[in-house]
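Biologist: Could we go through this model together? I would like to begin with the strands and then turn to the ligand.

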Amino acid sequence: MCGIIGVASKTNQALQMILQGLEKLEYRGYDSAGLAYVKENNIVITKTKGRIKDLEEKINKQDHASIGIGHTRWATHGEANEINAHPHQVGKITIVHNGIIENYQELKKKLESFGYSFRSSTDTEVACALLDYYYQQTKSVEKAIQVFMKEAIGSYAIGLLCQEEKETLYALKKDSPLILASSKDTNFMASDIPAILEYTNTYYLLDDYEYAVITQDQISFYNKEGEPLQKEEKHYDATKEASSKGSYPHYMIKEIMEQPDTIWKTMEPFVEDGLASLKKLPSLKKYDRIDIVACGTAWHAGLVGKYFLEEYASIPVDVCLASEYRYKRLFLSSRVLVIFISQSGETADTLAALKRVKQEEGDTLGIINVKDSSIARFVDRVIYTQAGCEIAVASTKAFTAQVAILILLALTAAYEKGTMKEKEVLTFLEELRHLKAKLTPLLSNREVYQKIAEELYQKEDIFYLGRGLDYDLMMEGALKLKEISYIPSVCYAAGELKHGTISLVKEATPIIASCTNPLLDPKTMSNLKETKARGAKIYLITNNEELAKDKDIDSVLLLEKTSEFLVPFLVIIPLQLLAYEIALLRKCDIDKPRNLAKAVTVE
Ligand code: F6R
């Protein structure tokens, strides 16, 4: 989850490049930061608790460097403080690390018996000592790396400087992402593309158990035996503007506003030409069951996908949290497809679940946003969502893009299996083609959400209720509110409330609900009235004009009547905006919420 960067430059601007890169990587972790650079004959280390701007203030403004490494941290071992912040230095070796060394306790004991002592509570300092130990034995950083790779268990993307080789930077990787890149005068290593987009959009990928040797002139790649490797140059299809806020105050609101475009961009290749383009999606005909595996918001997208695949294509779907799926019995066969959904393509639990399914020879499909990410490269087939760089920690545009693909998969499967007639499929495709125009008014209506936010932002808790598809969407709405505003918000299936949780409803408890399914709406309305009878205040999102007139509803957002295929987009956007406006009034750090980070690369 941490962000790392390394720079070897022909210029003396390495410090600025590291700081700029760290700012772009800050969404990956932001509790402490640090950097190390070569100054004359020494390696200078500066670190701090807090953000990159705090680090910037601590750096000696007179210093210039042409080589260095930097880190922005999301604490795993040991609290967020200066001692635990990276870089760590032991003996001749200085490193920054993203990942977890799982056998660090065992390695620590061994290294202590060799005379090493440790200042921090981190696994990274142990990794650094291990690299130093083998460096002292062999007097070769490359040899030390090769032995380290055999001995360290866990995940790592590491940038390394050695006191004795001050013109060289090393990078090594296992299970945590790492890219290398070159601009006209500088070579880079980084955990993520936004760090280098300012300088170049071509890059190389390091695979597990590989390392790179980086100087200002070149980057050389090796496998764990030290044999040279040739790497294919990759191209990232975005400009540096893609990872900037533009005129918006937060990435989150920029990303919410981008959705009409990102959903369309994601769907376009599969809807532009009617059935012919829909057929570009993988066939699901041979499958009797689908398992969808994901975490967090991507898991919610999976729930929405389940609804459409079951309702319209009659395929039974299980939606599983990756952290559970990776350890449970799987019951796979050639008639089961496992779909992995992930924005980052690096989520540790999702990746581990995928590795397990591959071991058991299951069929896999990925719905992934980040091109060439680990999950994208490991699945049998991948469909890329076209959400572009998602920087805000709270996922918005990736969610709607994932839902768009799942809906199209359901339509394809329904057509193939004959559960929907060609004419019906074409009608829905046509409706999806006009989605953009229906979303724009929802986004231009910010005063509506601001007004509700005024009423809600000081509440101690907020309930979200729904049934069926509405329940799935409310879960995502409640997650958005919790993560960025810190208001405890629980989501319940409306019918479940009476089985215990209604005891929490009291005078003026806010209930947010959506009713978009004529079969289920009367039931949900009864449940809402039960809460009203106990003093609750009801905020309803619906496309049913009659419900909107109900006297027990305190506030209504009336949506345009559409087919169900458009409902997820129309319901979730108001919920995203409401969470944003509430967090804004509460003066929360919206793009970097407390304790969270983007791309959860640890278990
Ligand atoms: C919530 C959020 C997380 C992610 C989850 C999975 O707003 O962003 O719940 O959805 O960590 O991440 P990816 O999609 O990268 O696998």
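Biologist: Which residue of strand 15 is the bridge partner of Tyr203?

Modeller: Lys234 is the bridge partner of Tyr203. This is a predicted model, in which local features need pLDDT of at least 70 and side-chain atom pairs pLDDT 80 or more, whereas totals for chains, interfaces and linings use all residues. Residues are numbered from 1 along each chain as its sequence is written, and side-chain values use heavy atoms, without hydrogens or water.

Biologist: How many bridges join strand 11 to strand 15?

Modeller: Two bridges join strand 15 to strand 11 (residues 202-205), and the two run antiparallel. Strands are DSSP runs of E with at least two residues, helices runs of H or I with at least four; pairing takes at least two bridges.

Biologist: What is the strand order in the sheet?

Modeller: The open sheet has eight strands in the order 3-2-4-1-10-9-11-15, paired antiparallel. Strand 3 (42-49) and strand 15 (234-235) are the edges; each has a single partner strand, so one side of each lacks a neighbour in the sheet.

Biologist: Now the ligand. Which backbone atoms lie 2.6 Å and 2.9 Å from its oxygen atoms?

Modeller: A backbone N or O atom of Gln343 is at 2.6 Å, and one of Ser395 at 2.9 Å. Thr297 has a polar backbone atom 3.1 Å from a ligand oxygen atom. Polar contacts are N or O pairs within 3.5 Å.

Technical notes. Polar contact = N/O pair within 3.5 Å; in protein donor to acceptor, adjacent residues only side chain to side chain.
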